[in-house]
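Biologist: Can you walk me through this one? I'd like to start with the strands.

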Amino acid sequence: MSAPQTSHAYGIGVITVIVGMSVVLIFYSGFYLPESLAKPTVSEHILNPEEPFVIEIVPGAVTEGNESYVPNKATVLLGISNLVTWENNDETPHTVTPDHRTADSYSGDFGSVGVVMPGETFEFLFTEAQEIPYHCEPHPWMKGTIKIEKSRF
Ligand SMILES: [Cu+2]
């Protein structure tokens, strides 16, 4: 009577271990691994910067050339003002397009997807120091530069 009970308990034990290991494996390969590969670790200060930073696309931007994006040569600091919003205050759709394909290792490819319509915005969280010249795709004479610097604090 005691022998079958023992083997039954043993069987349940083996199944439990197999199920447990499968759950760990599924979790590791399905969630933990892709997550850790996809996103580098970024400090809270950089993920939640203190000050909003706005670059205006001015009314009549098409004729303004290098003063279409204001400030035209912008510098932002990581952990302080690295969340940047381009605001289209013109009556024409524009884009924010890097001169050369540029990516941030946390936020991915930089640049507006399609046009930014009048009254709309394009927002990008920078997490790395770099300097990016950009322009407007339909009006390539509209040019700007965004420089991202490490904060000294
Ligand atoms: Cu434009």
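Modeller: S1 and S2 form an antiparallel pair with 2 bridges. Pairing here requires at least two bridges found by DSSP between the strands, and strands are DSSP runs (E, at least two residues), numbered from the N terminus. This is a predicted model, where local features need pLDDT of at least 70 and side-chain atom pairs count only at pLDDT 80 or more, while totals for chains, interfaces and linings use all residues. Residues are numbered from 1 along each chain as its sequence is written.

Biologist: What stands opposite Ile57?

Modeller: Tyr69 in S2.

Biologist: And which order do the strands of the open sheet have?

Modeller: S2-S1-S4-S8, 4 strands with mixed pairing. S2 and S8 (121–125) are at the edges with a single partner strand each, so one side of each has no neighbour in the sheet.

Biologist: Switching topic. Which residues touch the most other members of the largest nonpolar core?

Modeller: Val84, Trp86 and Val96, out of 16 residues. Strands S1 (53–57), S4 (83–88) and S10 (143–149) each give two or more residues to this core, and S4 has the largest share, 3 residues. A nonpolar core is a set of buried Ala, Val, Leu, Ile, Met, Phe, Trp, Tyr and Cys residues joined through C-beta atoms within 7 Å; buried means 20 or more other C-beta atoms within 10 Å of the residue's own, with C-beta atoms placed from the backbone.

Biologist: Where is Pro71?

Modeller: In the loop between S2 (69–70) and S3 (73–77). The peptide bond joining Val70 and Pro71 is cis, with omega about 0°. Most peptide bonds are trans.

How values were computed
Buried ≥ 20, exposed ≤ 12 C-beta atoms within 10 Å, placed from the backbone.
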